Amino acid sequence: MVNNPASIPAESGDDAAAQLSWPQDVSHEPTLKIGEVRAMMSGEFPFLATSKIRHFENEGLITPHRTPSNQRLFSLADVERLRFILIEQRDRYAHLAQIKEMLRQLDMGVATHEHPSRMHVVDGGEPAAVRPGTRLTKNELSQLVGVSIQRIESYIESGLLTTDARGRLTAQAVDIVRYAAALEEAGMPSQQLRAVRTSAHAHAVALVNMLALERSRKTPLAQERVAAATGELSALLTHYYHALLLESIDVELR
């Protein structure tokens with residue numbers, strides 16, 4: 001049985017506060033069933049399904065208390081944590097890995113909800129995710145990832161990276177550069193990296209076109225549906241590609 005550490009009866013003093021996951025200023029007493037959580041959030045997120053809440057739990061983003069009969073019980077802190085996840089997905093198109101890193105920083109106290117860090121180097125020197133929506137200069141990206149500006153410029157010239165009108169790069173550029181550099185150092189030719197980029201762009205266009213009707217409605221509810229559907233479809237496509245890649249490797253190694 002897995003219990004939420006935040007639901008353990010608190011001790012007095014700063015040591016007890018340090019044991020609580022974010023948000024620390026909200027009750028961590030587990031009293032709400034999953035249906036009650038959905039009802040509380042239905043006004044802001046009318047399409048929130050219990051399966052999605054369970055998915056967030058499986059991904060380690062929330063950790064509700066489990067009773068001896070294995071029933072999930074949520075606290076008000078869990079509800080606020082869930083609201084944070086859904087807003088990051090809906091408003092900033094954040095991936096779950098990025099949200100998980102932001103929550104880890106909030107838990108550790110290296111960022112606050114009002115002033116989240118764009119990038120924070122944590123244990124082992126591994127860079128955390130840049131806050132979605134951030135725009136980076138080439139110099140900032142170079143410092144965050146630890147590669148030369150010349151290499152970043154070569155990625156821009158080859159089409160691996162895309163800049164805006166002011167020459168700035170997206171938050172995703174951090175992971176693109178990290179993985180592209182690692183693959184290059186492992187021996188993957190640059191043309192293969194460009195082929196993957198071309199494929200990703202084509203699939204992104206296809207996903208967006210699938211949602212053309214919903215996007216045309218321009219209402220807040222339609223925007224929420226588009227954001228949710230985009231995240232879910234991109235996750236499905238990622239898992240599909242991963243499965244195909246592993247199968248192809250298995251075939252090639254026979």
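**Glu-214**

I started with Glu-214 in this predicted model, and its relative accessibility of 17% counts as buried (under 20% relative accessible area; exposed is over 50%, partly exposed lies in between, with a 1.4 Å probe and protein chains only). I found Glu-214 in helix H10, residues 212–215. Helices here are DSSP runs of H or I with at least four residues, strands are runs of E with at least two, and both are numbered from the N terminus. Leaving out residues up to four places away in sequence, I saw Glu-214 touch Ala-222, Arg-225 and Val-226 (a contact means heavy atoms within 4.5 Å).

Which residue forms a salt bridge with Glu-214? I got Arg-225, with the closest N and O atoms 3.4 Å apart (a salt bridge puts a side-chain nitrogen of Lys or Arg within 4 Å of a carboxyl oxygen of Asp or Glu). Arg-225 is partly exposed, at a relative accessible area of 33%.

**Ground rules**

I noted that residues are numbered from 1 along each chain as its sequence is written, and that side-chain values use heavy atoms, without hydrogens or water. As this is a predicted model, local features need pLDDT of at least 70 and side-chain atom pairs count only at pLDDT 80 or more, while totals for chains, interfaces and linings use all residues.

**Confidence**

I looked up pLDDT next (the predictor's confidence in each residue, from 0 to 100). The protein averages 82, and 83% of the residues score at least 70. Residues 1–18 stay under 50, and the model has 22 contacts beyond four places in sequence for them. Residues 115–128 also stay under 50, with 33 such contacts.

**Other salt bridges**

I searched the whole structure and came away with 15 salt bridges. Glu-232 meets Lys-52 at 3.8 Å, N to O. Glu-232 lies in helix H11 and Lys-52 in helix H3 (residues 50–58), so this pair ties together parts 180 residues apart in sequence.

Arg-66 is buried at 14%, and Glu-57 is buried at 16%.

**Nonpolar patch**

I then turned to a nonpolar surface patch of about 590 Å², made by Val-196, Tyr-241, Leu-245, Leu-246, Ile-249 and Leu-253. Patch residues have over 30% relative accessible area and no salt bridge; like charges are joined within 9 Å, and nonpolar side chains (Val, Leu, Ile, Met, Phe, Trp, Tyr) within 5 Å. Helix H11 (residues 220–252) gives the largest share, 4 residues. Ile-249 is found in H11 and is partly exposed at 41%.

**Whole protein**

Last, I wrote down the overall picture: 11 helices and 4 strands, with buried residues making up 33% of the 254 residues.

Terms used: Accessible areas come from the Shrake-Rupley method with a 1.4 Å probe; for residues, only the protein chains shown count as cover.
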